[in-house]
Amino acid sequence: MIRHLRSLLACLAIALAALPARAFETAASAAWVYDMTTQTVLMDKNADAPLPPASMSKLMTINMLFEALRDGRVTMETEFAVSSRAKAMGGSTMFLQETDRPTVSDLIHGMIVNSGNDACVVVAEGLAGTEEAFAAQMTERARALGMTSSTLANSSGWPHPDHRMSMRDLGILAQHLIEDFPDYYTIFAETEYDYKNRAPDNRFNRNPLLKLGIGSDGLKTGHTQEAGYGLVGSARQGDRRVIFAITGLPSEKARAEEAERIVAWAFRQFSEKTVARTGVRVAEAEVYLGDADTVGLIPAEDVRLLVPALVQGGMSAEVVYKGPLIAPVRAGTAVAELIVHVPDLPDRRFALVAEADVGKAGFLRRVTAAGWSLYGRYFGLPAS
């Protein structure tokens, strides 16, 4: 039987007397905002819609190169050849020539800072032989990373009817880049790069947040006529990190303003709180045929979540477990969940573990329990 315990959560009542988030309306056609520290989705607007990602999809090409570095298939000094196809790429470029042999380091900077379409093709051909083969590999890798709404048709984000990513997928990719490649991720914060002094007018990073002093340190802008203006961004303030992906803005100015608004909202509208502490009992669970009738339920680690502010309201919590638990029960075993209901945010679930060992009941107690069970079934009484 699934047991729901609310009355035993009085100890959390004060901690959870919080304030729900004031509604935030974004001008973006699709958006996903995520607090990495507490693993909380703060905004989901058409976040799973497969949309043209423009140059934001370069993050997947960059990821493939980072993974090649991690696996030892290339080094920062490895040189790649430049094909005529790469040289002919239009749009934003590093102005690579066929006689060049750019290093992996050059190409990473060219993709991140210059948003070089030519650099992306060089990487694709250098890692997979052809851009078509590389696009297929990217799509497969995206699926493995949990990016279920992404299909990649090229390495640069050049307009293509089959080239699609969702804002949630771009956010998942950003989190992967931040967590798995901390040494390489710092390159996203660099504001200027000019390969062999060829691109003085294209040497500046397009991320409008990097110069604002709000903790922004990545990731990638994008723009095509079909997609509008978009940005996958991340900012860190104190112990919190927020990532977001937005698209469909009408202008470069609108993108910059909306990105700054989202960062300000994400950090100012929410504060991180500890609502239950490691080892402190929050409820009790019934135990059947044990040497104790109940066992305390405690969090294995501090339960921290974002508490919204400004508008009066409240939050609630409950403990859910399949019970009664059957003895023996071992201390530290996950036996229940603490579910916190937050207005305007998804429910948060945290594992609760048994506070102590509960052994099997002695012979006399088991016989007595069996007798009462038979008595109840004979007289049609509900099980206790």
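First, the ground rules. Residues are numbered from 1 along each chain as its sequence is written, and side-chain values use heavy atoms, with hydrogens and water left out. Since the model is predicted, local features need pLDDT of at least 70 and side-chain atom pairs count only at pLDDT 80 or more, while totals for chains, interfaces and linings use all residues.

I start with the sheet. Helices (H or I, at least four residues) and strands (E, at least two) are DSSP runs, numbered from the N terminus. Two strands pair if DSSP finds at least two bridges between them. On that basis there is an open sheet of five strands in the order β3-β2-β6-β5-β4, with antiparallel pairing. Its edge strands are β3 and β4, each of which pairs on one side only. Direction ignored, neighbouring strands of this sheet are turned by 5° against each other on average. The axes behind that angle are lines fitted to C-alpha atoms, for helices over the stretch in contact, and angles run from 0 to 180 degrees between N-to-C directions.

Now to β6, residues 240-249. Burial uses relative accessible area: under 20% is buried, over 50% is exposed, and in between is partly exposed, with a 1.4 Å probe and protein chains only. Nine of the ten residues of β6 are buried, so the strand is largely enclosed by the rest of the structure.

What joins β6 to β2? Six bridges do, and β2, residues 30-35, runs antiparallel to β6. Within this pairing, alanine 30 has threonine 247 as its bridge partner in β6. With β5, residues 228-237, β6 pairs in the antiparallel sense over eight bridges. There, leucine 231 stands opposite isoleucine 246, and glutamine 237 has arginine 240 as its bridge partner. The hairpin of β5 and β6 has two residues between the strands, and its glycine 238 takes a positive phi near 65°.

Next, a helix residue. Arginine 168 lies in helix α7, residues 167-180. Contact here means heavy atoms within 4.5 Å. Which residues does arginine 168 touch, leaving aside its neighbours within four places in sequence? They are Trp32, Asp44, Ala47 and Asp48. For aspartate 48 there is also a polar contact between the two side chains, at 2.6 Å. A polar contact is a pair of N or O atoms within 3.5 Å; within protein, one must be able to donate a hydrogen and the other to accept it, and residues adjacent in sequence count only if both atoms are side-chain atoms.

On to the aromatics. Rings of Phe, Tyr and Trp (its six-membered ring) pair if their centres lie within 6.5 Å; planes under 30 degrees apart count as stacked, over 60 as edge-to-face and the rest as tilted. By this rule the count comes to eight aromatic pairs. Tryptophan 32 and tyrosine 34 form a stacked pair, because their ring centres are 5.0 Å apart and their planes are at 10°. Both tryptophan 32 and tyrosine 34 are buried. The rings of tryptophan 265 and phenylalanine 270 have centres 5.3 Å apart and planes at 85°, so this pair is edge-to-face. Tryptophan 265 and phenylalanine 270 are both buried as well. Ring pairs also link Phe66, Phe181, Tyr184, Tyr185 and Phe188 into a cluster.

Why does glutamate 318 count as buried? Because its relative accessibility is 7%. Its side chain has a polar contact of 3.0 Å with that of histidine 341.

Last, the backbone. The peptide bond from glycine 218 to leucine 219 is cis, with omega near 15°, and leucine 219 is in strand β4, residues 216-224. Another cis bond joins alanine 327 and proline 328, with omega about 5°; proline 328 sits in the loop between β12 (325-326) and β13 (334-341).

Positive phi also turns up outside glycine. Glutamine 39 has phi near 55° and is in the loop between β2 and β3. Is glutamine 39 buried or exposed? At 56% relative accessibility, it counts as exposed. Alanine 54 also has phi near 55°, and is in the loop between β3 and α2. Alanine 54 counts as buried, because its relative accessibility is 3%.
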